[in-house]
Amino acid sequence: MKILIIGANGTIGKAVTRSLEAKHEIIKVGKTSGDLQVDISDPTSIEKMFENSGKVDAIVCIAGDAKWDKFDNLSEEDFYVGIKSKLMGQVNLVRIGRKYLNPNGSFTLTTGILADHPVDKTTSAAMVNGGIHSFVKAAALELENGLRINAVSADLVEDAKDKYEDYFPGHTPVPMAKVAYGYKKSILGKLNGEIIRILA
């Protein structure tokens, strides 16, 4: 398979790429690194990326920003950071990417535990993750040519434990191999319209 991975050099992206690259052709995409570059908050940038990648069998997004802060501190513009990047960025990847995905291909989007179990300072991020879950379920009903779409929602991952564990008290970090298997289930399996939750 020819698989395009946006965020391939990130914490989760590296694990997913390693788990797939032995048997599949991987196009690594980053904001400033990789085989191709993209700013997912910009539809023009997304279009250019797909023009350069050509047709692929799977599109995976493990990227997107959202503002973390106390609800009292969040402005309307702060909420738009997550809406424009992580939410609409992934929606636009699907909207634009449909014509670059081969028949029976798949989209795999990324959310996280916050959609179901938000923690302090995550009002914006949790809202965005929940929106993506609803989008995936609805879009799965309308995609044509055998196209599939799923989202992977992992708890705190092992390789990000040192950076984020203070935000997630009591959460058991998920091994990176287990996270990668969640993505493989979406990419290589037959699931459609599913939220693949990865817990320790």
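Colleague: How many aromatic pairs does a search of the whole structure find?

Modeller: The search turns up 6 aromatic pairs. Keep in mind that this is a predicted model.

Colleague: Take F50 and Y100. Why is that pair put down as stacked?

Modeller: The ring centres of F50 and Y100 sit 5.2 Å apart and the planes are at 10°, so they count as stacked. The cut-off for stacked is planes under 30 degrees apart.

Colleague: And where in the chain are those two?

Modeller: F50 is in helix α2, residues 43-53. Y100 is in the loop between α3 (76-97) and β5 (101-110). They're 50 residues apart, so to speak a link between distant parts of the chain.

Colleague: Buried or exposed, F50 and Y100?

Modeller: Both F50 and Y100 are buried.

Colleague: OK, what about F71 and F79, which kind of pair is that?

Modeller: Edge-to-face, because the planes of F71 and F79 are at 80°, with the ring centres 6.5 Å apart. F71 has 55% relative accessibility, so F71 counts as exposed. F79, at 16%, counts as buried.

Colleague: Which residues do ring pairs link into a cluster?

Modeller: W68, Y164, Y167 and F168.

Colleague: Switching to the largest nonpolar core. Which residues touch the most other members?

Modeller: That core has 32 residues, and L4, I6, M49, F50 and I149 touch the most other members.

Colleague: Which one gives the most?

Modeller: α3 does, with 5 residues.

Colleague: And L4, what is it in contact with, leaving aside neighbours within four places in sequence?

Modeller: With those neighbours left out, L4 is in contact with I27, V29, M49, F50, S53, V56, A58, I59 and V60. V60 is also in a second, separate core of 22 residues, which includes I12, I62 and A160 too.

Colleague: Last topic, T111. Where is it?

Modeller: T111 lies in the loop between β5 and α4.

Colleague: Is T111 buried or exposed?

Modeller: Relative accessibility is 8%, so T111 counts as buried.

Colleague: What is T111 in contact with, leaving aside neighbours within four places in sequence?

Modeller: With those set aside, T111 is in contact with K86, N129, I132, H133, A151, V152 and S153.

Notes
Residues are numbered from 1 along each chain as its sequence is written. This is a predicted model: local features need pLDDT of at least 70, side-chain atom pairs count only at pLDDT 80 or more; totals for chains, interfaces and linings use all residues. Side-chain values use heavy atoms; hydrogens and water are left out. Rings of Phe, Tyr and Trp (its six-membered ring) pair if their centres lie within 6.5 Å; planes under 30 degrees apart count as stacked, over 60 as edge-to-face and the rest as tilted. Helices (H or I, at least four residues) and strands (E, at least two) are DSSP runs, numbered from the N terminus. Buried means under 20% relative accessible area, exposed over 50%, partly exposed in between (1.4 Å probe, protein chains only). A nonpolar core is a set of buried Ala, Val, Leu, Ile, Met, Phe, Trp, Tyr and Cys residues joined through side-chain atoms within 4.5 Å. Contact means heavy atoms within 4.5 Å.
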